[in-house]
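The points may be read with the sequence and the 3D view side by side.

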Amino acid sequence: MTSSIGMRRVRGSAAIVAAGSLALVLAACSGGDGGGGDATGGGDATGDGGGDTAEGIDCAPYEEFGDLSGTSVSVYTSIVEPESDQQIASYKPFEDCTGVTINYEGSREFEAQLLVRIQAGNLPDVAYLPQPGLLNTIVTQYGDKIVAAPEQTAANVDEYYDPKWKDYGSVDGTFYAAPLGANVKSFVWYSPSMFEDAGYEIPETWDDMITLSQTIADEAKAGNGAMPWCAGVESGDATGWPGTDWIEDVVLRTAGPDVYDQWVTHEIPFNDPQIVDAWDTAGEILKNPEFVNAGLGGVDSIATTTWTDAGFGILDGTCWMHRAANFYATQWPEGTNVAPDGDVYAFYLPGDGTSKPVLGGGEFVAAFADRPEVQAFQTYLSSPEWANAKAKATDTGGWVSANKGLDPENLATEFDKLNAQILQDPESVFRFDGSDLMPGEVGAGTFWTGIVNWLTGTDTQTVVDTIEASWPASS
Amino acid sequence: MSYPAIESTTLVETADGGGDERRRGRLRRSKIAERSESAASRLSSPWASAVAILVAILWTIPSVGLLVTSFRPELDIRRSGWWTGLTGPFTVQNYETAWSGSGGLGPFFVNSFVITLPAVLIPITIALLAAYAFAWIDFKGRNFLFVAMFALQVVPLQVALVPLLKAYVDMGINGTFWSVWISHAMFGLPLAIFLLHNFMKDIPPALVEAARVDGAGHVKIFFQVLLPLLVPAIAAFGIFQFLWVWNDLLVGLTFTDTGSRPITVAIAELAGSRGGQWHLLTAGAFISMIVPLVVFFSLQRYFVRGLLAGSVKG
């Protein structure tokens, strides 16, 4: 292992030295081949794993689509390396069953490029839409390009998913897109060892959590230890979104899921008193100078702290709690142990102690072709077979699906299992991230900027009034 | 370079001329000398040097920051600014991961060469022929065509992206290297033709006419008379086009697919699905910067000469 890294380093520097001449091209070629070789090696390893699972899956559901061997399906997504390797590995059982080749393409510019490609007619067969709002846009603007999900896929979704998920994949009563992966946002990250050393319990209700925060804050004021909360909402041109998740989580807890649904669909205005309440409840933590921003500055430093790094204070004891989604697990520096007895772990953001609302997100599989192989692939992706294959392929963890057929035992880490439990718990009331459901002008616009203004001193009423005024008239 | 040349021409004039001419020549000479002296003293004043150094430092700081950051360990990059890490610790881990990790830049580095070389050669070849025709072949509507062609330079390339993509999809060449080569050639051509045409126009017509009198055809004139004189101009445009194509993200992003992506697109992907790997970006940027730097420094002689030659020839 060490020697191969050494060789790579030699190759890399050789390429750099030789730069500028034809020799560079050759050296870079050999370097490229080396990289390619490594990649294939990794692919083989996962391929073997996939081969094992292929024996386990039942090919019968795909036989009704006819003989598909030799055909191919192109997939366009926003999931790039390294997560995409696991996606590709999870298609292996399907490819083995049917002989279909899946051509995978991931891009971080997915959301902009997909619309360009739709306009130009350069359509992928299948695209993974990271939010229902985008599905809505595509159906409204390019309704003739997107095709509805086949009935086999719909049957899978009916059987294995909460009905709410099917709603999110439908527009005007037509079911287009089956859910794929899921993420759970209602988490508070903490350090198990810090909690244990101080004798603190994981809070079971919101009030417990505020009491605990106050205890920690009092200790901090007395000079013992850190302030309770750290937070950060800076995220480049999407600055503010981590704050919208905070608000949505609190709306679910103070006003309830029904009001939440009315809020995101604009049946009640954005500045409804119940929503203002929720903002103020969130403000008890986020705008309380005794609670935030642990190790990073005052309340207004939340607006300028990068969301990816905001929770790092937990690792060195300068912060106690950080509310962030399950995918924050992959943000921790390499070598961080995410486990109930490790360096960091997360607990469910508590509510009133009886109901269990869960805020989350996920991708949806939209198709732009109705060829049998595309429909067979859509059906595979909505099946428990795929969910389990993906779980096994994701050996590093950090992935979960809301598919009820997913066996949590197949997931790689304790934390993923916790996620699956929360998603599959019949008590859980799942709601999709509201800013992804609202019109783009609000959900990816004034709601984000509103968060920044709110954190930097504007009062709640002014902020919600401004956002309400920006809601597009037609919706 | 240019000062001695001017002085020698004035000297020749003074030697040739009679009394009045000589006085005028001397007057002219002293004026020029005066001007060059004042320019020289202005340029070498300590204040000017101080300002120049200050500007140079200000312009270099961001690059130095990038360089320092690219050698820092991941956690340091995420938690503190580069100015706190000037004394180390340093690591090449970022370069290793960026070059050969999952989604590493290695193969895309090669792609960038495959894209860039034809994307420079195609417009130069076409532009040389077009510029020759515009400069030395008299045909109807020449000026109109030339202005129309150059007017294309004002059209922003962004408006062409979707229609072009549509055309490539219809032609079935989308996602191959051809679509990128053709796009870059198209977007580079107006400037290339304009530059080379102006340069060719500056070559004394007598030279071309003499060759024609000697019985040379267009082909012979082009290859044996004009081409050797054009080397600096070609090099200048070549550098321009090389830098522009190598650093291009938009065209690469729109017209390539996974297998044919240039390094710039790969660097943009390097940060990972949710941007969690952004500490690799500085290392990626430096890997990509090496080639333009080498090209620029090895060809800068031509670059400066090409720019100057275009303006003082004649």
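1. The model is predicted.

2. Chain B is a helical chain, with 14 helices and zero strands. Its pattern along the sequence is accordingly α-α-α-α-α-α-α-α-α-α-α-α-α-α. The chain has 314 residues, of which 40% count as buried. It exposes about 17100 Å², and carbon and sulfur atoms supply 70% of that area.

3. Among contacts between residues at least 6 apart in sequence, 69% join residues at least 24 apart. The two residues discussed next, B:Ser70 and B:Ile263, may be examined with this in mind.

4. B:Ser70 belongs to helix α3 of chain B, which covers residues 46-70. Is B:Ser70 buried or exposed? Its relative accessible area is 0%, and because buried means under 20%, B:Ser70 is buried.

5. B:Ile263 lies in helix α13 of chain B, residues 263-269. With a relative accessibility of 0%, B:Ile263 counts as buried. Which residues does B:Ile263 contact, leaving aside its neighbours within four places in sequence? They are B:Leu105, B:Phe108, B:Phe109, B:Ser112, B:Trp246, B:Ile287 and B:Ser288. B:Gly252 is eleven residues from B:Ile263 along the chain, and the C-alpha atoms of the two are separated by 9.0 Å.

6. In chain A, helix α17 (residues 384-393) deserves attention. Eight of its ten residues are buried, so α17(A) is largely enclosed by the rest of the structure. The buried residues are A:Pro384, A:Trp386, A:Ala387, A:Asn388, A:Ala389, A:Lys390, A:Ala391 and A:Ala393. They pack against the helices α4 (83-90), α5 (92-98), α8 (151-160) and α16 (372-381) of chain A, and against the strand β6 (178-184) of that chain.

7. Helix α14 of chain A (residues 273-286) meets helix α21 of chain A (residues 460-470), their axes coming within 10 Å and crossing at roughly 130°. On the side of α14(A), the contact is made by A:Val276, A:Trp279 and A:Asp280; on the side of α21(A), by A:Thr460, A:Gln461, A:Val463, A:Val464 and A:Ile467.

8. Helix α14(A) also packs with helix α20 of chain A (residues 440-455), at an angle of about 50° and with the axes 12 Å apart. That angle makes α14(A) oblique to α20(A). The crossing of α14(A) and α20(A) is right-handed. Here A:Trp279, A:Ala282, A:Gly283 and A:Leu286 in α14(A) meet A:Phe447, A:Ile451, A:Trp454 and A:Leu455 in α20(A). A:Trp279 takes part in the contact with α21(A) and in the contact with α20(A).

Definitions and conventions: Residues numbered from 1 in each chain as written. Chains lettered and ligands numbered in written order. Predicted model: local features only at pLDDT ≥ 70, side-chain atom pairs only at ≥ 80, totals over all residues. Heavy atoms only, no water. Helix = DSSP H or I, 4+ residues; strand = E, 2+ residues; numbered from the N terminus. Buried < 20%, exposed > 50% of the residue type's maximum accessible area, 1.4 Å probe, protein only. Contact = heavy atoms within 4.5 Å. Areas by Shrake-Rupley, 256 points an atom, 1.4 Å probe, with all protein chains shown as cover. Axes fitted to C-alpha atoms, helices over the stretch in contact; angles between N-to-C directions. Parallel < 35°, antiparallel > 145°, perpendicular 65-115°, else oblique. Left-handed = near helix turned anticlockwise from the far one by under 90°.
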